[in-house]
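Colleague: I am new to this structure and would like a close look at one part of it. Could you walk me through the surroundings of a single side chain, and then show me how a pair of helices packs?

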Amino acid sequence: MPNERLTSSRLEAFSDGVIAVIITIMVLELKVPAKEVGNLTALHEILPLVLVYLLSFVQVGIYWVNHHYLIDGLKQVTHGILWSNLAVLFCLSLIPVATNWVGVRGISPFSIALYSVACALPGTPWMVLSSLICHHAGQRPAGGMLKQIVSVSLYVGAIPLAFVSPYISLGMIALVAVVWLLPPREIVELTRNSTHPPAHTH
């Protein structure tokens, strides 16, 4: 049957590859300043990009970790899951562009607003992907739907706030990253149970 070839292993392998490329693209944008610039001055100039790169790396990494948790119990995928997963990956691929924009143009209201947009974009397709997988696999969304909605709301709120204070906007994005750094307890337990199944008695 054709549907038997729609396995989660191919979905996971493709997603891992795309996310690895996204992270690689971001790190390649960290350029060494010209020799004419003093060392301390050069470090001061590149520091904003390094910090934004770190924030971007953590965000992409959080999506990768939770993507693993999300499809851990998925055996087969549907057409909707495939396309919503592609939508998530496409939106994640825009984060390096926004990260580089901040590195080139500096921390300004527009650059951070653009960066906030790039951070907010993956949130909606992620919620769709999470809902589809959880419905198909009969499990709860990773972290709960409320946590996802609050995260997207913070991202969206950071967009207009960037024109008030870019640093407050970055702080809101960092707050979302902190919230998602620790995986949900039920997901950890589910992963442990699938890795170490209980012994069967005869």
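Modeller: A polar atom of the asparagine 66 side chain lies 2.8 Å from the backbone oxygen of isoleucine 62. Please keep in mind that this is a predicted model, where local features need pLDDT of at least 70, side-chain atom pairs count only at pLDDT 80 or more, and totals for chains, interfaces and linings use all residues. Numbering starts from 1 along each chain as its sequence is written, and side-chain values use heavy atoms, with hydrogens and water left out.

Asparagine 66 sits in helix H2 (residues 39-70); helices here are DSSP runs of H or I with at least four residues, numbered from the N terminus. With 3% relative accessibility, asparagine 66 counts as buried, a word that means under 20% relative accessible area with a 1.4 Å probe, protein chains only.

Now move on to serine 130, which is 64 residues from asparagine 66 in sequence and 9.8 Å from it in space, C-alpha to C-alpha. Serine 130 belongs to helix H6 (residues 123-137), and it counts as buried because its relative accessibility is 0%.

As for the pair of helices, the axes of H1 (residues 8-28) and H3 (residues 79-92) come within 10 Å and cross at roughly 10 degrees. That makes H1 roughly parallel to H3, the term for angles under 35 degrees. The residues of this contact (heavy atoms within 4.5 Å) divide into 10 nonpolar, two polar and no charged. Among them are Phe14 and Ile22 in H1, and Ile81 and Leu92 in H3.

Technical notes: Helices (H or I, at least four residues) and strands (E, at least two) are DSSP runs, numbered from the N terminus. Buried means under 20% relative accessible area, exposed over 50%, partly exposed in between (1.4 Å probe, protein chains only). A polar contact is a pair of N or O atoms within 3.5 Å; within protein, one must be able to donate a hydrogen and the other to accept it, and residues adjacent in sequence count only if both atoms are side-chain atoms. Axes are lines fitted to C-alpha atoms, for helices over the stretch in contact, and angles run from 0 to 180 degrees between N-to-C directions. Angles under 35 degrees count as roughly parallel, over 145 as roughly antiparallel, 65 to 115 as roughly perpendicular and the rest as oblique. Ala, Val, Leu, Ile, Met, Phe, Trp, Tyr, Cys and Pro count as nonpolar, Asp, Glu, Lys and Arg as charged, and the others, Gly among them, as polar.
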